[in-house]
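Colleague: Could you walk me through this one? I'd like to start with the ligand and then look at the helices.

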Amino acid sequence: MSLDGTYDDDNIFAKILRGEIPCHRVFEDDVALAFMDLFPQSPGHVLVLPKTPARNLFELDDAGLQALIVRVKNVAAGVRAALQPDGVIVTQFNGAPAGQTVFHLHFHIIPRYEGADLAGHGRAGKADDVRLAEQAKQIAAAISA
Ligand code: 5GP
């Protein structure tokens, strides 16, 4: 999947956005949906997606991107408040050669903890569902506080 192409309505995040596949939601409004990454690189790894179909950064217009990045910041602030990490990474990949595996634009919010290892992108194991639910609840509460 290169940078060019057509949006696939059946990609996994499109299905999550339509509610066809469940997720551990931490935030939602008319612009964005944020939920726990099922394969977290670090505990508390969250994804933030625009509701507009866009494969990558180049396919969302400026107004959409401006609205989205504010949601990314607010969700990251919720992750910070809820989980008290020592640092936070924000990443975003465009095209398979860059590491993108799901072709609906998204930002990763990855908390870092002093002395704790970070799993490589695309190399992390599946997280425990109960743990993800707990983290989502904590983060959602912090965002709406
Ligand atoms: P990308 O590689 O495209 O930047 O990021 C895709 C992310 O989606 C990865 O971090 C991966 O762990 C996550 N992911 C893949 N499938 C699912 C899923 O079904 N549910 C959730 N919540 N995350 C997923």
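Modeller: Happy to! A residue counts as near a molecule here if one of its heavy atoms lies within 4 Å of it. Please keep in mind that this is a predicted model.

Colleague: Which residues around the ligand come nearest?

Modeller: There are 17 residues around the ligand. Those that come nearest are Asp37, Thr101, His106, His108 and His121.

Colleague: How much of the ligand's accessible area does the protein cover?

Modeller: On its own, the ligand has 510 Å² of accessible area.

Colleague: On to the helices: at what angle do the axes of H2 and H3 cross?

Modeller: H2 spans residues 62-83 and H3 spans residues 129-144. Their axes come within 8 Å, and H2 passes H3 in a right-handed crossing. The angle is roughly 115°.

Colleague: How many residues in the contact of H2 with H3 are charged?

Modeller: On the H2 side, the residues include Asn74, Val75 and Gly78, while Gln138 and Ile139 are among them on H3. The contact has eight nonpolar and three polar residues. As for charged ones, there are none: the count is no charged residues.

Methods
Residues are numbered from 1 along each chain as its sequence is written. This is a predicted model: local features need pLDDT of at least 70, side-chain atom pairs count only at pLDDT 80 or more; totals for chains, interfaces and linings use all residues. Side-chain values use heavy atoms; hydrogens and water are left out. Axes are lines fitted to C-alpha atoms, for helices over the stretch in contact, and angles run from 0 to 180 degrees between N-to-C directions. Helices (H or I, at least four residues) and strands (E, at least two) are DSSP runs, numbered from the N terminus. A crossing is left-handed if the near helix is turned anticlockwise from the far one by less than a right angle, and right-handed if clockwise. Contact means heavy atoms within 4.5 Å. Ala, Val, Leu, Ile, Met, Phe, Trp, Tyr, Cys and Pro count as nonpolar, Asp, Glu, Lys and Arg as charged, and the others, Gly among them, as polar. Accessible areas come from the Shrake-Rupley method with a 1.4 Å probe; for residues, only the protein chains shown count as cover.
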